[in-house]
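Here's a quick look at a ligand's surroundings and at some helix packing. Have the model open while you read.

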Amino acid sequence: AYTPRVFSGIQPSGGLTLGNYLGAIKRFVEMQDSGVETIYCVVDLHAITVWQDPEALPRQTRELAAGYIAAGLDPEKSILFNQSQVAEHAQLAWIFNCVARMGWMSRMTQWKDKAGKNQQNASLGLFAYPSLMAADILLYHATHVPVGEDQKQHLELTRDIALKFNHDYKTDFFPITEPVIEGAATRVMSLRDGSKKMSKSDPSDASRINMTDDADTIAKKIRKAKTDPDALPSEAKGLEDRPEARNLVNIFAALSESSIDEVLRDVGGKQFSEFKPMLAELAVNKLAPISSEMERLMQDQAEIDRILRGGAARARAIAAPILQRTYDIVGM
Ligand code: ADP
Ligand code: NA
């Protein structure tokens, strides 16, 4: 009995990648036009779970907001805002820190990957990241969350937090949110290592395609992408055990809005020497207009700030009563 509502967010932790575009932003835009209320956040509180230069963070925040808008998010149709401007996120996260269990957090693969071998030296915020994420979502009673595959486990934890809260406090106040992980590119892999995801948070991976790369850079990165010597298959099952080939076909399918099978019907039998230039041309055609619009928007930073402030006011109008009601339920 919850009104359908979409929420998602991206960290302002560096330049947007093709993975963020295909796995998240492009799908945010599709959902905006589906008639349901859509709320999209720049999650700066998440970004600082690892070190962010305070001189750079404001620019990264504005650049992500510009990326949202340039890709087609309309600040009139969607609520676009920056997380730290709505204090209720941190307030609800604290409640959820008291609902979630240490063992749940310890099992998160993103925690294990990002903390690495030196867990004792990771921030407490990095460990509690999924609890803040649950707060982001449940603060709006969001029912649907479009994300890439890497966020699946965190969304399961969001459901566990809502279930435990509802159970412990004998209520049905929080909805059990559905992840929306759809499309051909729910996990875009690194172009130099088909076993690692492409991520803006991994500065060591120079092969990643940034949304602001120029045409030559995109073409060069695709040309250099790791592949195998075989021709492309004409059916999807021919991509099994060929992670690099599969990744490039997935990217092509997502960019051209076709299925894997449709792509392979056209390119099956081709060598990568022929397919890579086709993919580069497609990527440039899709990304260039977005990156030039981002650049234009970044000329007027005051306007971006104005949009984010307006979005924060609209977000707070939904969030404040939900936090208040949560406090009531908890007995505060
Ligand atoms: P990153 O890992 O690039 O720093 P975030 O953690 O800010 O990205 O995630 C923002 C959104 O982009 C999430 O929905 C995430 O699932 C999605 N995303 C990130 N990387 C990829 C990828 N390589 N392929 C598909 N989706 C991705
Ligand atoms: Na991520």
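## Around ligand 1

Of the 22 residues around ligand 1 (C-beta atom, placed from the backbone, within 6 Å), the ones that come nearest are G19, G23, V147, G148 and S201. Helix α1 (residues 18-32) supplies the largest share of that shell, with 5 residues. Sorted by class, the shell has 11 polar, 7 nonpolar and 4 charged residues; Ala, Val, Leu, Ile, Met, Phe, Trp, Tyr, Cys and Pro count as nonpolar, Asp, Glu, Lys and Arg as charged, and the others, Gly among them, as polar.

This is a predicted model, where local features need pLDDT of at least 70, side-chain atom pairs count only at pLDDT 80 or more, and totals for chains, interfaces and linings use all residues. Residues are numbered from 1 along each chain as its sequence is written, while chains are lettered from A and ligands numbered from 1 in the order in which they are written.

## α9 on α12

Helices here are DSSP runs (H or I, at least four residues), numbered from the N terminus. Helix α9 (residues 215-224) packs with α12 at about 145°, their axes 9 Å apart; axes are lines fitted to C-alpha atoms over the stretch in contact, and angles run from 0 to 180 degrees between N-to-C directions.

The contact (C-beta atoms, placed from the backbone, within 7 Å) includes I218 and I222 of α9 and L279 and L287 of α12. By class, there are 10 nonpolar, no polar and 2 charged residues in it.

## α3 on α12

Helix α3 (residues 57-70) also meets helix α12 (residues 272-298): their axes come within 8 Å and cross at roughly 130°. By class, this contact has 7 nonpolar, 1 polar and 3 charged residues.

Definitions and conventions: Helix = DSSP H or I, 4+ residues; strand = E, 2+ residues; numbered from the N terminus. Contact = placed C-beta atoms within 7 Å.
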